[in-house]
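Here is a short briefing for your first look at a protein model. Keep the sequence and the 3D view open as you read.

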Amino acid sequence: MAACGGEDEDRRIELRWGLWGTPEAVQNQRRFARDFMRLHPNVRVEIEPVAGDVTVAFSMRLAGGDAPDVLYAGNWFLFEFADKGTLLPLDDLIARDGIDMGQFFDSALSGIQWDGATYALPEAINVEMLFYNQDIFDRYGVSYPEPGWTWDDYLEKARRLTQDTDGDGRTDIWGCYVWTWIPGFLPFMLQNESNMFDDDFRRFTMDDPRAIEALQFIQDLIFRYRVAPGRQALQSQLSIDMFASGRIAMGSFGYWGVRELQGAPFRWDVAELPRRRTTGNVVHVHSFAINRETEHPEEAWELIKYLTLDEPAREVVYLIPAQKRIAAEMIRAGNEGMPANAEAILATATDPNTVSPPFGPRFGEYSSVLGLELDGVWLGKVSVEEAVRKAKPQIELILSE
Amino acid sequence: MRRGSHKLSRRLFLLLLYAVLTAGAVVMVAPFLWMVSTSLKAPHETFMLPPIWIPEDFRFENYAEVFDRLPFFRFLLNTATIAGLVTFGVLLSCSLTAFALSRLRFRGRDLVFYILLATMIIPAPVTLVPIFAIMRRLEWTNTFLPLVVPAFFGGAFPVFLLRQFFMRIPRDLDEAAVMDGCSAFGIYWRVILPLGKPALATIGLISFMGAWNDFFGPLIYLYSIKKQTLTLGLATFQGYYATDWHLLMAATVIVTLPILLAFLFSQRFFVEGITMTGIKG
């Protein structure tokens, strides 16, 4: 089709693309849309960035029959939409075009496949890493984390790193920080060979002694050993900002911390999370899915293939590219902005114990129940046993519906 | 002697007064200054302890970056269009309604007014879904219409405020105008509107600010990036994983500035309104 004037008239097919993310990511995606339109002169791509709660916005528009053709998705809500039948299963198209899914991290696939079907193509993944402030370690003569380190090593270092520098009785430097939400505590549970649910998503298994032990460890870090800031110490400050201002010695953050800490006025590096019985980590998967009601499935498919397999796949910001080869090129010590121990990031991404959290179709419901019950645990007012005992029947009721 | 001590206590009083006022001003202006200061910082300076008020280098490029990352000019234009139309719509429809409810006599007038007032009791979230469904049926989603058109159909609070204000304008003026051959619309246009300026300025400012700062309306109705507003752009800077505070603050300054200017301009009318006297009833 020749470019014969009347730019927009020629573009008979309009594809609506719903997306979200940092302004930088939105900026890039606008560029990808323009590049795609150059390659496909008959298609016009309309960008629809979503502010606020993405899950709510997308489900509202899907329910109202007013949703974009292509959706930027996260594994924390993808399966909810897939389960409602609002997304196009892609397996036939993948087989038809002979796309090698083996080029993506296995952990990425765990975030796009549900009940034996594939609902999206993965763009990027995010795993939790341990970030540590080398200046603080050096100041107090604590050795850096080593591969294969354990919870005991972690606690021992945290205790030596926790400091009241001005002697006013209040902690100025916290030894460690753990996010008290699923991506924060689930790695500890996985490391202790436990999980939130059994394999077929019927039984809530956080009352397992190993799961309780993992949560107890985190509660103890805050209230017994007082080496991690609780909610009060954090106040409204974001933990990454607290780490960036040198008030946390070791913090578990997503891979995005690498970007966030550029220009920090101290030396830092990353390490794998400590282990207990085994390794364990969680993965967030960002992907592109297709609205089942789209009038242009072929063009939508072309767009998501372009975004995940073509040039844009090399321009992932903030996260780890889902393609193993590209990730290995980008995340390498010596590359600009990469920490010395970048190897640990790839090792974590390929570790078989790095898995998608149990983001089932009813995640929104049971996670809010769980959040409410665990609240007391993270305030130091309720024991872990009591909280999970109370959560269990409520969550199993939701699962049985 | 006595006179001297009187003077002294007066001075002390003034000193105290100024001290209290200065403290108040500092408290009020500090967050604003912090916003401006953060908007000029390098990323790692934002949460330094002790806090840095004056950044090492003024990074004006933060502002350029905001415009670079998102189409902020487009957002600015969209927001100004919506806020301008909403303000115009509210002023037009509410002043006409308030005029009818305060100056004209017709059967059931007060009943209409009370029903109007009663609508204020219904919380907005209750009507949210039905209104959204209506807009969807009209195929008005992803246009400015759902945000602008309702403004042309009045609103309980501005009508109430204007009605109360218009009631206090002496009826003698209407009668004089009628004597001179003025129609009902003439009274509205030539008598009530000019005298109602302070109340209209208040309503105008409130509507403008409301529309300018509205997040929820644009969030549910405007999908395409070409139609979106400043508040939605601002929300994008509040990141999913982490927040670039320096950019968020630069964007916030850009969003706040027009409101500040709008206030400075209409403040003149407020003062005029307060000093407006001279009509003997």
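**A charged network, and the model behind it**

A salt-bridge network links A:R96, A:D97, A:E298, A:E302 and A:K305. A salt bridge here is a side-chain nitrogen of Lys or Arg within 4 Å of a carboxyl oxygen of Asp or Glu. This is a predicted model, in which local features need pLDDT of at least 70 and side-chain atom pairs count only at pLDDT 80 or more, while totals for chains, interfaces and linings use all residues. Residues are numbered from 1 along each chain as its sequence is written, chains are lettered from A and ligands numbered from 1 in the order in which they are written, and side-chain values use heavy atoms, with hydrogens and water left out.

**Around A:K305**

- A:K305 sits in helix α14 (residues 297-309) of chain A. Helices (H or I, at least four residues) and strands (E, at least two) are DSSP runs, numbered from the N terminus.
- A:K305 counts as buried, at 17% relative accessibility. Buried means under 20% relative accessible area, exposed over 50%, and partly exposed in between (1.4 Å probe, protein chains only).
- Setting aside residues up to four places away in sequence, A:K305 touches A:D97, A:I99, A:L121 and A:D310. Contact means heavy atoms within 4.5 Å.
- A:K305 and A:R44 are 261 residues apart in sequence. In space they are 16 Å apart, C-alpha to C-alpha.

**Salt bridges**

- Side chains of opposite charge can pair when their charged atoms come close.
- Over all chains, the whole structure has 33 salt bridges.
- A:D66 lies in the loop between α3 and β3 (70-74) of chain A, and B:R136 lies in helix α5 (residues 124-137) of chain B, so this pair joins two chains. The closest N and O atoms of the A:D66 and B:R136 salt bridge are 3.8 Å apart.
- A:D66 is buried, with a relative accessible area of 10%. B:R136 is partly exposed at 24%.
- A:D138 and A:R267 meet in a salt bridge at 2.4 Å, N to O. A:D138 is in helix α7 (residues 134-139) of chain A and A:R267 in the loop between α13 (257-260) and β9 of chain A, so the pair ties together parts that are 129 residues apart in sequence.
- A:D138 is partly exposed at 39% relative accessibility. A:R267 is partly exposed at 42%.
- A:R275 forms a salt bridge with A:E272, with the closest N and O atoms 2.9 Å apart. A:R275 is partly exposed at 29%, whereas A:E272 is buried at 19%.

**Strands of chain A**

- Strand β1 (residues 13-19) and β2(A) pair in the parallel sense over 7 bridges. Two strands pair if DSSP finds at least two bridges between them.
- The chain crosses from β1(A) through helix α2 (residues 23-39) to β2(A), and this β-α-β crossover is right-handed. With the strands pointing away from the viewer, that path runs clockwise from the first strand over the helix to the second.
- In strand β2 (residues 43-49), 6 of the 7 residues are buried, so the strand is largely enclosed by the rest of the structure.
- In strand β8 (residues 248-254), 7 of the 7 residues are buried, so β8 is also largely enclosed.
- β8(A) pairs with β6(A) in the antiparallel sense over 5 bridges. With strand β7 (residues 174-177), β8(A) pairs in the parallel sense over 3 bridges.
- Strand β6 (residues 121-133) also pairs with β9(A), in the antiparallel sense over 4 bridges. There A:N133 stands opposite A:W268.
- From strand β9 (residues 268-271), A:W268 and A:V270 point one way and A:D269 and A:A271 the other way. All are buried.

**Where chain A meets chain B**

- In chain A, 36 residues are in contact with 31 residues of chain B.
- The two chains bury about 2900 Å² between them, 58% of it on carbon and sulfur atoms. Buried area is the accessible area (1.4 Å probe) that two parts lose on being put together, summed over both.
- The interface holds 2 salt bridges.
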